[in-house]
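Please open the model in a viewer and keep the selection panel at hand. The stops below proceed from one group of helices to the next.

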Amino acid sequence: MRVDLFSIGNFTIHTYGLMIAVGIILAVIIAMRRADKLGLDGEEALNLAIICVVIGFLGAKLLFVLENFRAFLENPLAVLGSSGFVVYGGIVIGILAVLIYCKAIKKISFFRYTDLLFPSVALAQAFGRIGCFFAGCCYGKETDAWWGVVFPAGSFAPAGVSLIPTQLISSAGDFAICVILLLYSKRAKKVGDVSALYLLLYGIGRFCVEILRENTQGGIGIFTTAQVFSFVFIGASIILFIRNRVSRHSENYHEKVYSIWM
């Protein structure tokens, strides 16, 4: 694991940031290429991707600040300047920003564009978790299993201790979610079904991974903050699936079968 990939003078390429950049670039490329085949506006897809990235990062940092509010009060710059983010904050605030943009500003279909974007979101998250692995953050509990990982000194994880590589587990799950959503998008009959499936799969996956993580942050009762958000995501997905089956106003996709990659 390498926190820093390489340095040229005072300029350093951090592996965490590089993985996030790679994930975002690939996610945007796939979203824009799929937009054309789905009959959606590629420029709007790009606009929404930018909104998701910018607002998502702000939301992820905001929730991190709230989770570490006591430390923030003691040293605001240290908390704001740290590499700490909470993914759920980025997802929730990002979804709200996309909703406002689609409904209030552009008057375009919110769920058609979230169906387009969520496979790309899962892909970006998968690369982001690889970045977490190199940085040593979001690490798991101690383990004696052969597949445990020992992080070096200088990373965010405790050095010299065999830990569950929850970052790689999360990454594999996010890659799987991306592929499942791309395949499901060929068969989805109702607009919003792909979005609902993302919320369901990510909520279940994150809840399970949290059991393996070494969590020092707060939560509610026996559940971590991420697990509480997982319940919200799973509940929202079930409501959306039911709404799409019983509502007369739910949109149907055209019968045309689209390429999932192009």
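**Stop 1: colour by pLDDT**

The protein chain has a mean pLDDT of 85, with 87% of its residues at 70 or more. Select strand β1 (residues 4-8), which has the lowest mean pLDDT among the elements, 57; helix α7 (residues 166-184) has the highest, 97. Next select residues 255-262, where the pLDDT is below 50. Beyond near neighbours in sequence, this stretch has 16 contacts in the model. Where pLDDT is low, the predicted coordinates should not be read in detail.

**Stop 2: helices α2 and α5**

Select α2 (residues 42-67) together with helix α5 (residues 87-106). The two axes come within 7 Å and cross at roughly 140 degrees. α2 and α5 are therefore oblique to each other, and α2 passes α5 in a right-handed crossing. To display the contact, show E44, N47, L48, I51, C52, I55, G56, G59, A60 and L63 on the α2 side. Their counterparts in α5 are Y88, G89, G90, I93, G94, A97, V98, Y101, C102 and K106. By class, these residues comprise twelve nonpolar, six polar and two charged.

**Stop 3: helices α1 and α2**

The crossing of α1 past α2 is right-handed. On α1, the contact residues are I20, I24, V28, M32, A35 and D36; on α2, they are G42, A45, L46, A49, V53 and F57. Ten of the residues in this contact are nonpolar, one is polar and one is charged.

**Stop 4: helices α6 and α8**

Move to helix α6 (residues 110-135) and helix α8 (residues 193-212). The axes of α6 and α8 come within 7 Å and cross at roughly 30 degrees, which makes α6 roughly parallel to α8. From α6, show F111, T114, D115, F118, P119, V121, A122, Q125 and R129. From α8, show D193, V194, S195, Y198, Y202 and R206. The contact has eight nonpolar, three polar and four charged residues.

**Stop 5: an aromatic pair**

How many aromatic pairs does the structure hold? There are twelve aromatic pairs. For one of them, select F118 and Y198. The ring centres of F118 and Y198 are 4.3 Å apart and the planes lie at 10 degrees, so the pair is stacked. F118 belongs to α6 and Y198 to α8, so the pair ties together parts that are 80 residues apart in sequence.

Note on methods:
Residues are numbered from 1 along each chain as its sequence is written. This is a predicted model: local features need pLDDT of at least 70, side-chain atom pairs count only at pLDDT 80 or more; totals for chains, interfaces and linings use all residues. Side-chain values use heavy atoms; hydrogens and water are left out. Axes are lines fitted to C-alpha atoms, for helices over the stretch in contact, and angles run from 0 to 180 degrees between N-to-C directions. Helices (H or I, at least four residues) and strands (E, at least two) are DSSP runs, numbered from the N terminus. A crossing is left-handed if the near helix is turned anticlockwise from the far one by less than a right angle, and right-handed if clockwise. Contact means heavy atoms within 4.5 Å. Ala, Val, Leu, Ile, Met, Phe, Trp, Tyr, Cys and Pro count as nonpolar, Asp, Glu, Lys and Arg as charged, and the others, Gly among them, as polar. Angles under 35 degrees count as roughly parallel, over 145 as roughly antiparallel, 65 to 115 as roughly perpendicular and the rest as oblique. pLDDT is the predictor's confidence in each residue, from 0 to 100. Rings of Phe, Tyr and Trp (its six-membered ring) pair if their centres lie within 6.5 Å; planes under 30 degrees apart count as stacked, over 60 as edge-to-face and the rest as tilted.
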